[in-house]
Amino acid sequence: MRAHARIGFVLLLTPLVLWLGLLIVIPHIDMAILSLRERISFGVYEPSLMQYEKALTEPLYLRTFWRTAVMSVLATGITLLIAFPVAYYIAKMAKGRLQQVLFLLCLIPFYVSELVRTFGWMILLRETGIVSNLLQWVGLADQPVEMLYNDAAMMVGLVYTSMLFMVVPLVTTLESLDDSVIEAGYDLGGNGLSVLREIIIPHAMPGIVSGCIVVFMLSLGNYLTPTMLGGKDSLWFTEMIYNQFIVRSNWELGAAFGFMLLVLSSVIVWGMLRLTGRTLQETMG
Amino acid sequence: MTPDLDSTDLVKRFGTTVAVDNVSFSVPPGSFFSILGPSGCGKTTIMRMIAGFLDPTSGEIRIKGKSVLDTPPNKRPVNMVFQHLALFPMMTIAENIGYGLRRRKMPKEQIARKVDEALDRIGLPGIGARKVDELSGGQKQRVAIARCMVLEPDVLLLDEPLGALDLKLREHMKVELKALQAAFDTTFVYITHDQSEALVMSDQIAVMNAGRFEQVGTGRDLYYRPETPFVAGFIGEANRWKGRIERIEGEALQMRTETGLEMRATATGTLAAGDNAEIFVRPEAIRLAGSAEALSAFDNRLQGRVASILFNGAASRVLVEDDAGETLEVTLPQSGEFASLRRGDPIHIGWGAAQASCFKRAA
Amino acid sequence: MIPTIPTSRSFRLIYGGYVLLFFLYLALPLTVVAVFAFNDSQFPSLPWEGFTWNWFFGEDRPQVGVFHERGILRAVGTSAFVATCVAALSVSVGTTNAFLFNRYEFRLKGVLYVLMLLPLVIPGIVLGISILVFSSTLANGIWDAARIDIQALRPGLLLVILGQFSFITTIATLVISARLQKFDRTLEEAALNLGATRLVAVRTITIPFLMPAMVGALVVAFLMSFENFNTTLMLVGSDAPLTIAMFDRLKEGSTPLLNAVSLLLMLGSSLLALVVILFQRR
């Protein structure tokens, strides 16, 4: 490398290394170290696995951990099921202007803060809310119905919040499927179901994987929706992290929780990539 | 014998535009039938109606004598080789070829056997496990045909399948397609805008323009006896003169061109003195000579100068500018006689009335 | 299942109906938020007490409008400040990253690229706490060593900016890289050939080519920062950005004031999005 190219390289490399080093790598190492120590007395700490021991033996912690994982998988599955037909409609059925308009319509809700979206669901679902009033008006209920603060409400919110991140990659991959490939599937004797199974879904697989990864991550890491829409006894793992850090000031245990969440998400993302034989670069980049 | 494919009064309108205008034709079993026309003439629309991807506005399509209008595309006994082939990129070659057989719920071993047979037949044995993008253009072509032929369709439709290939390969595939058609003994319906593809391969060619069939016939018919000015201009090349007919006796006629020349030609269709008309003469029907005497046997004679020589091997041409200032294209014989011809040389040209086709022209 | 394949009428009707329902589902929460911003009542819920502009322009209790509510206005200012800093920082670093990954081959490039993508798959809360932990380790270390208390390393706006920057930069990098990849490098060579220096060639040819992506990334970064909740929640100090301020109020019980703020947010971000679309179409 010639001298000025070398200088250019160093100048470009510095911000990247500073960013990744100071804000991503070192903080996570520091958090790992923090989670691996125990407070003996004021200002005196010792290395120990006690935080993880506590996290893995306390039934409440463990239950919340698995509940968060299972519910996130469920939310991802539901989002995929709802989004796929819509994405297919936008990519393959709608043409020209309608296609553009529908695609933009999908994006609009997500230019708005998650807080506003959650607030909207609260107005709809609460005891004095629109849905409750509607049910009374129709005659399906004779008194106000509380529909907030349960798992179903939380699921509605989670699915709503992640929808865009499923629809967009699906539309993009489905659009790249040539119409004539679908026609060839029919021409050779296939029907709707077999064309879907053998041609459309295999083609859409990259989009399905990247959509699922992002939606899963967003659900797992969500704080607002479970807090505002979920019930009092249905804790989310992020709420426990927040509680340990901000309410209880038990940073060691909070850091251990944070690490468990990180490991869980890495394992699931890795597993999904592994299952479909793709790399993170292909899926995210 | 019932034709494999026939259509009567086929019409397709998109809004107010008529894409296919009252087309009728029939294709005898085992023949190679081409629809030849410029892009946008409606040939793809006809093909998609036969395959079932478009409903005709009116008219009838029958395969082996039975109407297929109410049959969805996946149930029709026709298969299609798509313009860009539409091989399934998510499957191997064997899975591609076996796709239709799987739809028919054929047992696995039987599918495997049929696929192997098909691969042998197209001269690509043992490539079943490969991916689509590992094949060359010509190999993909053959796989796309095999994928249809394992289903033993009554009619195979081919939508300009050679368009994406380079010139050399295209020349080669023309011969190969014809051979494959003979080997499978299936009716092929081929659409193209390339006259050479149609002329080389087809038993019958329909020349299509603006939604209508202009003429249906063998390549020879279309070339030597065009029935409409469009066919005369579209198949091969031609020098053209517009003018008004002065005299006519039977098929022989005399026309005065707009530039004032007098020409003899042969009438196609009914013509009368005073009609506006147009004469077509192919470059290869015109004789070059150094003197007017050598051309005394020809009905039409002109003199001019060599404007340019377009050397292209056997297809070399001379551009002759006649005294009226028009430029004609004349085939340059490669017999050595005119090897010393240079730009600006005086030259005489002549052609017979029988080689000049005259058509009526709308006023 | 594409328009050229014949399908039954009932299938098309059901499918179309489903898509319509989907868009209703998308629109519903936002619509109710917007509508109840005009309810002349203390609560953003039924019954409808009549139309009012008070939640925007009202000056007197109990209906103080957005434009006279100090706390909200200050929070908007804070958010705008944070978002501007984050957008500027992340687009700058995103651009240098794009050049680095696009133009240079070096050892560990693959590793660095994967590392660069990681912030997308780290939950926002975890990003927040890790930065919180590290900054307080630093602050404590400096205190122990030199008895200097660096306030900037305690929860506050600097940490909020750094926290948001840490993952928004990845998005900026991806957006700008995608465009840079499409750049025809012979254009730069042509500029060199015509007498430009390397730096001038980049400034006069490559950067203008990247402009649509950079503006797009700038707006996306601004919006993402403005809306961010999870990371901010863990790093916020006494100056709360808008989402945190609204969250605190929402916990206490909502008034249509929050609807009014939300409606303004929707209008603002739609406007920004529209600007980007128009800019990119040009």
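**Exercises on a predicted model**

The contact between chain C and chain A draws on 68 residues of chain C and 66 residues of chain A. The structure is a predicted model.

**Exercise 1.** Determine which element supplies the largest share of the side of chain C that touches chain A, and how its residues divide by class.

*Solution.* Step 1: begin with the elements of chain C. Helix 1 of chain C (residues 9–35) gives the largest share of this side, eleven residues. Step 2: sort the residues of the side by class. There are 53 nonpolar residues, 14 polar residues and one charged residue on the side of chain C that touches chain A.

**Exercise 2.** Describe how domain 1 and domain 2 of chain C are placed and where they touch.

*Solution.* Domain 1 of chain C covers 1–36, and domain 2 covers 71–281. Step 2: consider the separation. The C-alpha centres of the two domains of chain C are 35 Å apart. Step 3: examine the contact. Here four residues of domain 1 of chain C meet five residues of domain 2 of chain C. On the domain 1 side, four residues are nonpolar, with no polar and no charged residues.

**Exercise 3.** Characterise the fold of chain B by its secondary structure, its span and its burial.

*Solution.* Step 1: count the elements. Chain B contains eight helices and 20 strands. Step 2: take the extent along the principal axes. The C-alpha trace of chain B spans about 80 × 45 × 35 Å. Of the 363 residues in chain B, 40% are buried. Step 4: consider the contacts in chain B with a separation of 6 or more. Residues 24 or more positions apart account for 65% of these contacts.

Methods
Residues numbered from 1 in each chain as written. Chains lettered and ligands numbered in written order. Predicted model: local features only at pLDDT ≥ 70, side-chain atom pairs only at ≥ 80, totals over all residues. Contact = placed C-beta atoms within 7 Å. Helix = DSSP H or I, 4+ residues; strand = E, 2+ residues; numbered from the N terminus. Nonpolar A, V, L, I, M, F, W, Y, C, P; charged D, E, K, R; others polar. Domains from an automatic or database assignment. Buried ≥ 20, exposed ≤ 12 C-beta atoms within 10 Å, placed from the backbone.
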